[in-house]
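This briefing covers a strand and its partners, a metal site and a group of aromatic rings. Please view the structure alongside the text.

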Amino acid sequence: PLIGELDEAHWPRKYPACEGNRQSPIDLQTKKVHYKPSMKALSLVGYEAQAGEFSMTNNGHTVQISLPSTMRMTAPDGTQYVAQQMHFHWGGAYSEISGSEHTIDGVRYVTEVHVVHYNSKYQSYDEAQTAPDGLAVLAALFEVRDYAENTYYSNFISHLKDIRYPGQSTVLSDLDLQDMLPENLHSYYSYWGSLTTPPCTENVHWFVLADTVKLSRTQVWKLQNSLLNHQNKTIHNDYRRTQPLNHRVVEANFKFLPNSELHFYLNNIDNNLEYLRRFIEQKKAKGKRPW
Ligand SMILES: [Zn+2]
């Protein structure tokens with residue numbers, strides 16, 4: 001994507017960290033992930049329903065929601081992080097529906113949400129953003145469920161039309177981030193990386209949830225087509241391409257991959273093929289053509 005006047009390939013010219021060796025996003029290769037069952041679930045405080053006013057802004061690259069400092073996340077190593085903002089990455093260009101930043105075994109998901117936090121030992125996000133242990137991002141990937149509207153997203157999506165132009169803001173009253181995240185908050189991938197936009201600072205502890213959020217096709221379409229950028233074009237494909245893992249290790253606290261649904265479908269196809277094979281053999285045995 002274009003940030004300021006620079007496209008992604010030229011970010012390092014102005015922001016040297018963007019060509020460092022601990023960059024994000026990455027492709028999460030499930031066969032190379034280190035299984036670490038001792039890694040505890042993240043502790044999320046204040047993520048459930050919060051009354052108040054949360055500003056929601058079109059910043060020209062994405063929609064960003066400001067989060068209250070009462071929202072906290074404790075990492076398995078005990079580090080406490082304070083929530084700062086959340087934003088989304090999506091596709092939509094050339095009828096390409098997928099636009100997540102992290103991919104899993106090369107598969108790009110429809111959307112990705114980033115809940116950005118800073119280390120509570122610093123006074124503010126500004127102070128933390130340059131510190132080597134400054135930031136943590138909780139990420140979740142999205143899938144399409146054709147017809148079922150995800151009502152936890154209705155309020156957020158209905159406000160997108162109010163912030164069509166960059167710089168516009170609106171206010172969300174009531175925010176329940178827990179409902180907007182996947183059901184299973186226990187299983188996640190974890191690795192050390194960077195911000196995925198300039199200045200690409202390599203100080204981010206990433207936590208990518210294994211379970212996904214489901215949205216309807218209409219909801220995804222609205223997310224992809226509601227906002228304009230500074231060039232007056234619809235914001236599409238606001239994701240960075242995946243970066244080399246180099247010598248880093250991705251850890252996960254779960255062993256079985258979350259695509260049990262894929263297995264279910266593959267199993268179904270298997271069963272159907274088996275049925276067809278038997279059907280053809282029966283017909284053959286009777287000396288008839290199967291069709
Ligand atoms: Zn992001």
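S190 stands opposite F207 in strand β16, and S190 itself is found in strand β15. Strands here are DSSP E runs of at least two residues, and helices are H or I runs of at least four, both numbered from the N terminus.

The model is predicted: local features need pLDDT of at least 70, side-chain atom pairs count only at pLDDT 80 or more, and totals for chains, interfaces and linings use all residues. Residues are numbered from 1 along each chain as its sequence is written, and side-chain values use heavy atoms, with hydrogens and water left out.

**Strand β15 and its partners**

- β15 (residues 188–193) is antiparallel to β16 (residues 204–215), and 6 bridges join them; strands count as paired if DSSP finds at least two bridges between them.
- β15 also pairs with β17 (residues 251–252) in the antiparallel sense over 2 bridges, and here Y189 stands opposite A252.
- In β15, 5 of the 6 residues are buried (buried is under 20% relative accessible area, exposed over 50%, partly exposed in between, with a 1.4 Å probe and protein chains only).

**Surroundings of S190**

- S190 is buried, with a relative accessible area of 5%.
- The side chains of S190 and H205 make a polar contact at 3.2 Å (a pair of N or O atoms within 3.5 Å; within protein, one must be able to donate a hydrogen and the other to accept it, and residues adjacent in sequence count only if both atoms are side-chain atoms).
- Leaving aside residues up to four places away in sequence, S190 touches M39, H205, W206, F207, V249, V250 and E251 (contact means heavy atoms within 4.5 Å).

**Zinc site**

- H87 (NE2), H89 (NE2) and H114 (ND1) coordinate the zinc ion at 2.0 to 2.1 Å.
- Donors are N, O and S atoms within 2.8 Å of the metal (3.2 Å for Na, K and Ca), and water is not among the atoms, so sites may look incomplete.
- Along the chain, the donors of the zinc ion follow the spacing H-x1-H-x24-H.
- H89 lies in β9 (residues 80–90) and H114 in β12 (residues 111–119), so this pair ties together parts 25 residues apart in sequence.
- H89 and H114 are both buried.

**Aromatic cluster**

- One aromatic cluster is formed by F88, F142, Y153 and F156.
- Rings of Phe, Tyr and Trp (its six-membered ring) pair if their centres lie within 6.5 Å; planes under 30 degrees apart count as stacked, over 60 as edge-to-face and the rest as tilted.
- The count comes to 9 aromatic pairs.
- The ring centres of F88 and F142 are 6.2 Å apart with planes at 75 degrees, so the pair is edge-to-face.
- F88 is buried, with a relative accessible area of 0%.
- F88 and Y153 also form an edge-to-face pair, 6.4 Å centre to centre with 75 degrees between the planes.
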